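Let's take a walk through this structure together, going from its overall layout to the ligand and then to a few backbone details.

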Amino acid sequence: MDLLQEIENYIQEAKDLSVSSPEEVEQFRVRFLGKKGIIPALFGRFREVPPEQKREVGQSINTLKNLVQERVTELKSALRSTSSGHSYPDLTLPGDPWLTGSRHPISTVRNEIISIFSRIGFTVSEGPEIEDDQHVFSKLNFPPDHPARDMQDTFFIEKESAADSRNDVLLRTHTSSVQVRVMEKQQPPIRTISPGRVFRNEAISARAHCIFHQIEGLYIDTDVSFAQLKQTLFYFAREFFGPKVNTRFRPSFFPFTEPSAEMDVTCQICGGKGCNVCKYTGWLEILGCGMVDPNVLEYNGIDNEKYTGFAFGMGIERIAMLKYQVNDLRLYFENDLRFLEQFATDLW
Ligand code: DAH
């Protein structure tokens, strides 16, 4: 066969080539461009070509060589883009994980506390976060100049009220305000807990925050006794911290209860042996409580000759910190997924 025709056939072959794997491209490259390949062989035979044909044959071989090189690059890149596309998924790759959310630990603890008290007949009630002096202080028996008003650094929203130049729109500093809201609307028997957000004008640190959560409890009926208060809170402590927990009551003071107490539980970190968290006492304070002051009943339209009651209030963050042994309050507010993910099993 005439050499020119032979080269023309190779050109056609290179043009028509289609491949399905990188190995086939390599075979093609070696067949044409390899040391013993077709193209070096053609250049070898070039010497025998008569002078008057040299120009034409030379051009033809070069065309073939360039074409083969182009096709090799082109076929390689075509294969690369199909393998990263959808035609050839790599079935050995690990699957994409399902990212499920989780309840915030504060919600989990709040729900658990609600469920413990609802088992003994407490309902849930809520009140507004933006409050007034009456509901947060006055009707809870804080006298106008009582030092207890200073105990809580309050966020006031309106500097001065027209009525009496005392600040009258404020963010509630405790959920005890919901006691007042409930008593306004309802006569005894009252047995309710009130979870919610509270606000205090405090510098943010590992142990204090300007926003946190509390749960308030209120029980008013005929013949409610301090013994019932103790037993109710003892039941709560055992349900929440487990049957081995011990409790103790220490005398305290709140304007809205008389007598008042604080309840401690066995230190959850050292089990009562003494450590730096419980300051080597073996006890941790978890809530304030007491018998509703008869003045509070009277201010809120409840007959204090007929009824008595008890109340208690606890901080949810504080209890969550003990339960999960988290020692920095700020972690609960930062929405850092690395922190929150650790509570994923508590979803339901
Ligand atoms: N309101 C109190 C506080 O924020 C907590 C508290 C103490 C609530 C005693 C009560 C109670 O109902 O009886 O520190």
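Two domains are assigned in the protein chain: domain 1 covers 3-84, and domain 2 is made of 105-128 + 189-335. Taken over C-alpha atoms, the centres of domain 1 and domain 2 are 86 Å apart. Please keep in mind that this is a predicted model.

**The ligand and its surroundings**

Now to the ligand. The space it takes is the largest pocket. A shell of 15 residues surrounds the ligand, and the closest are H174, S176, R200, Q214 and E216. Sorted by class, this shell holds 5 nonpolar, 8 polar and 2 charged residues. Which strands each supply at least two residues of the shell? They are β5 (211-221), β8 (283-292) and β9 (308-315).

| Residue | Ligand atom | Distance to a side-chain N or O atom |
|---|---|---|
| S176 | nitrogen | 3.0 Å |
| Q179 | oxygen | 3.4 Å |
| R200 | oxygen | 2.9 Å |

How much of the ligand does the protein bury? Taken alone, the ligand exposes 350 Å², and the protein buries 90% of that. For S176 and R200, the table can be read next to the shell, as both residues are among the closest to the ligand.

**Backbone details worth a look**

Most peptide bonds are trans, and most residues other than glycine have a negative phi. With that in mind, here are some places to look at in the backbone.

P188 and P189 are joined by a cis peptide bond, with omega at about 0°. Where does P189 lie? You will find P189 in the loop between α8 (177-185) and β4 (190-199).

Another cis peptide bond runs from E258 to P259, and its omega is near -5°. P259 has its place in a strand, namely β7 (residues 257-266).

Finally, have a look at N141, a residue other than glycine with a positive phi, near 75°. N141 is in the loop between α6 (133-136) and α7 (148-151).

Notes
Residues numbered from 1 in each chain as written. Predicted model: local features only at pLDDT ≥ 70, side-chain atom pairs only at ≥ 80, totals over all residues. Heavy atoms only, no water. Near = heavy atom within 4 Å. Polar contact = N/O pair within 3.5 Å; in protein donor to acceptor, adjacent residues only side chain to side chain. Areas by Shrake-Rupley, 256 points an atom, 1.4 Å probe, with all protein chains shown as cover. 1 Å grid on protein atoms, 1.4 Å probe; cavity = no way out; pocket = protein on both sides within 12 Å on 5 of 7 lines; lining within 4 Å. Sits in = over half its atoms within 2 Å of the grid points. Helix = DSSP H or I, 4+ residues; strand = E, 2+ residues; numbered from the N terminus. Nonpolar A, V, L, I, M, F, W, Y, C, P; charged D, E, K, R; others polar. Domains from an automatic or database assignment.
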